[in-house]
Each structure stands twice: as C-alpha cells, then as structure tokens.
Amino acid sequence: MSLFRLTWEYLTTASNWTGNGGLLDRLGEQLLLTVTALVLAMLVGLPVALWLGHIGRGGFLAINISNIGRAVPTFALLALLVTADWPGTAELGPYGRAGLATLIALGLFALPPLITNAYVAVREVPEEVKEAATGMGMSGRQRFWRVELPLALPLVMSGVRLALVQVWATATIAALVAGPGVGRIIVDGFARNLYSQGIAAAVVVAVAALVLELLAAAAQRAVDPARRTGRRARDEVQGGAMSAAGPTLS
Amino acid sequence: MLVTLLVAPDIGSASETDGPSCYSALVNEWWCAQYVKDRHSEIVDATVQHLEITVLAVLLGVVIAFPLALVARRLPRLESTILGVSTAIYTIPSLALLPLMVPFTGLSMTTVVIGLGLYALTILVRAMLDGFRSVPADVVESAVGLGYGRTRLLFRIELPLALPVMMAGLRVATVSTVALTTIGTLVSYGGLGNLISHGVQRNFRAELVTAAVLCVVLSVLLDALIVLLQRLATPWSRGVRA
C-alpha cells in the first residue's frame, strides 16, 4: 500500500520535523502542556483527596467524580471553552493558540483519576495498621506522613499514571478545536486530504504516549515500598494502569 | 447557511418581540429551543449515528473480549501478554488511533467502530477476568463434584456468578464509548461529534451545547439500561454495587 510508503516518507523527511509548526515544535508544545496541566492538577487535587481519605469523609464525591469525568466528552468540553468569550482561542505564551482553554480542559480531566485513586489509597490502608500507629502514640499528622502516605503511594502513583495518559490524549484532541499540539498536524492532514501526514503525526503521538506510560510505570515501581522490601503481593492487587479509578478514555 | 438571521415568529412576549432568533449569529445563545425545533431532523440523524457507532463498538468489544478472557484464564502465561497489549492500545490517544486504522479501513464508519471497539475491549477483558476471579472457589468445586463438565460449568455456574462484576465493566466501557464516539468526527463519522465540530468551526453555540448535552444524556440512558438488564439477568443479586 502506497499510504504506508508515503507515511514513512513523511516521517523520514527532516524538514517535516524541524521548523516552525514542525513535528518537534508541536511535540514540545504538547509535552509542555501535558506537564503543566498534570502538575497543576496534582497540586490542586492530591492534597484535597489525601486529606479526605485521611479523615475518611467525602467518599461519595471522590468516587463519583470519576464517573462524571468519563461521561463528559473531552471534545465537548474543549469546544465549549473555546467557543465561550473566556477563555476562548486567545494565545497563551508558549502554549499556543487556545492555550488557556486547553490547559483548563486538561487540568479538569486529570483530576478524576488523581482524586479517586488518592482517596481510595489512603482510605484502604488496613485498619489494624492505623490502630497500631495510634497505639504507638502517633498523632494524626504523624500517622498520615509516616504510615498512611507511604503505604498509599503506589496507588496514588497509579492515579498519576492514569491522569498522564488522560492528559496526553486530551492534549491531542485539543487540535480538533484548533488548539496546540501534535494533534494539529493530524487534523490538518485529514482536513487537507494529506492522509500520510495525518497518519505520520498519529504514529508520533502514539509512540510518545507509550514512552510516557513506560516512564510513569517505572516511576510507580520506584515508589512502591512493598517492592523495596521484596514483597510482591501488593503489586498483584494494585499494579497495572487500571486501578481504583478505572480507565477514563479520551 | 447555518447561522441564519431568522426573525423570531414569537409575538407573545412583550419586550423581545421582533428580535432575531436565539441562534442567529447576532445573539448566539448557548441554549436555544428554536434551534432544536428547526434542526431536529439533523439532530436526530446525528444521535442515531452516535448510538449506532457506540452499540456496534461495544458489541465488537464484547465479542472479542470474551474469548480472550477465556484464553487468558486457561493460560496464565498468555494473560500478561493480553493485558499488556490491551493496556498499550488504551494508552494511545483516540485521535491518534483512528488515523492508524485509516490505511486498513479507510474513511468509514468501520474505522471508528473498530477503533472504539479496541478501547472497549481493554476495559472488558479486565472486567471479565475480575468477574471470573470473583466466583467463589468452593462453588466451582461443588459443581465439579456434582459432575458438571467444563462447558456446563462455564455457562451454568461461573458466568452467572461473574455477571455482576462483568456488567460493571460493561457500564464503564459503554459510558466511555459514548464520549469517545465524538472523536470519530476526524473521519466524518462522529455522530453528535460532527455537530460539535461544526459548532466550533462556525462559532455556533446552540449547536455544540445541544450535541454535548445529548452525549451526556445518551450515556446516562445507556448506563441505566445496562443496570436494568443486569437486574433482570441476575435477580438473586439485587444489592451488588457496581
């Protein structure tokens, strides 16, 4: 099939990678967006969710936010933000056209997996472990920092991993509303019947997604206390990209 | 011709009698009943296409996921491969997966159905394996003791007991697929996504809000339908939470 050959040609032509609006340019833009949105969502979502898990309140909201996040199409939310008077399609520094709208949408869709996983992680620290900590004379704060958080970390990290996948996917979709990122090259290719260009950019996005996922998985393994002590049982229960929050696709 | 400057035929209300229609380019309101009325055939067509794509994709997911789950259960060595590959597919953004299908299936509805079916598959395989794992071992043992063969054990004992967990997975897969179908607009088969896309291009607020609301309504309705089906199929487990 010549479409394969054309796609390969597009990918192996240096000028398609370099230059203004080239693959590298857009890839950098999308990575910057993804990291910014993920960090912002973590700063907002994690403290709240960990605290709720610690005091054991607000579970209904923490669990159901994931269901809501799944039902709202990312595309629809992006479309609403871009069409509104604010934030609209205004440029935002290095984030490109409709940068603010895209950042808001990415941050919002990163929250559900972060919140649900962090909440469940702290909540499901075994009751007897918490009692033992209290029995040893730990205050509530000490118990949280020294017992609950370390035990919860792997599941919290799997929430971060889910959020990362989600944010990367949503950042790609931003192109459907003329936003920044590699998706722009995909959408542009399909709009102008340059299918090889669209497919080539899709390959780049997919490979980048897999690399990000592998990096996140490595980070998750690094923070697993059970792994450090050589026990693998926790991995069986909590490992994998899909955990408490379940997958949220986009 | 989309953003028409129709004069509202409504003479009843006093102050805004002869103003432009609420979906004219001048007013461009977010919600406009007149738009829904005027364009209802277009909206219905988009909704039907959306429903069609969603249902076909989920069915495709179920049809592929079931044998995969059975194989993964029999051969634990294959289980990690199957789960690994499906997780990798799930990692790929939908806007990238659809173009990757185009060389094989072209710009067609098949592209969208297969692409979304692959995502549903990921969720469903996991749910099915979890479902089988939730069947109490002693029940299986008693059934074997009673002389149940492999097939009869699967369909009469294991499947019914695994159903609540599997159905929970089906709900997640269905709701996700409804939302994802909108991305099919890249290859012009996106159901309500086509309206959203058009709404963005023309800055037509009423159109995109109506489509977005219908998406959410559709996923809530399908979710409720599955819950109802599950109640009917497993009358013994009324209280199982999803």
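The following questions and answers concern chain B of a predicted model and the contact of chain B with chain A. Local features need pLDDT of at least 70, side-chain atom pairs count only at pLDDT 80 or more, and totals for chains, interfaces and linings use all residues. Residues are numbered from 1 along each chain as its sequence is written, with chains lettered from A and ligands numbered from 1 in the order in which they are written.

Me: How many helices are there in chain B?
Reply: Helices (H or I, at least four residues) and strands (E, at least two) are DSSP runs, numbered from the N terminus. The elements of chain B run α-α-α-α-α-α-α-α-α from that end. Chain B has 0 strands, and its helices number 9.

Me: Is Ile53(B) buried or exposed?
Reply: Ile53(B) belongs to helix H2 (residues 40-74) of chain B. A residue is buried if 20 or more other C-beta atoms, placed from the backbone, lie within 10 Å of its own, exposed if 12 or fewer, and partly exposed in between. Ile53(B) has 26 C-beta neighbours inside 10 Å and therefore counts as buried.

Me: How far apart in space are Ile53(B) and Gly184(B), C-alpha to C-alpha?
Reply: Two residues are in contact if their C-beta atoms, placed from the backbone, lie within 7 Å. Beyond its neighbours within four places in sequence, Ile53(B) has contacts that include Met109(B), Leu116(B), Tyr189(B) and Gly184(B). Ile53(B) and Gly184(B) are 131 residues apart in sequence, yet their C-alpha separation is 9.2 Å.

Me: How many residues does chain B bring to the contact with chain A?
Reply: On the side of chain B that touches chain A, helices H3 (76-91), H4 (94-105), H5 (109-133), H7 (150-181), H8 and H9 (205-233) each supply at least two residues. Chain A provides 40 residues to the contact, and chain B provides 38.

Me: Are H5(A) and H8(B) roughly parallel or roughly antiparallel?
Reply: Helix H5 (residues 74-83) of chain A packs against helix H8 (residues 192-201) of chain B at about 20 degrees, with axes 10 Å apart. Axes are lines fitted to C-alpha atoms, for helices over the stretch in contact, and angles run from 0 to 180 degrees between N-to-C directions. Angles under 35 degrees count as roughly parallel, over 145 as roughly antiparallel, 65 to 115 as roughly perpendicular and the rest as oblique. H5(A) and H8(B) are therefore roughly parallel.
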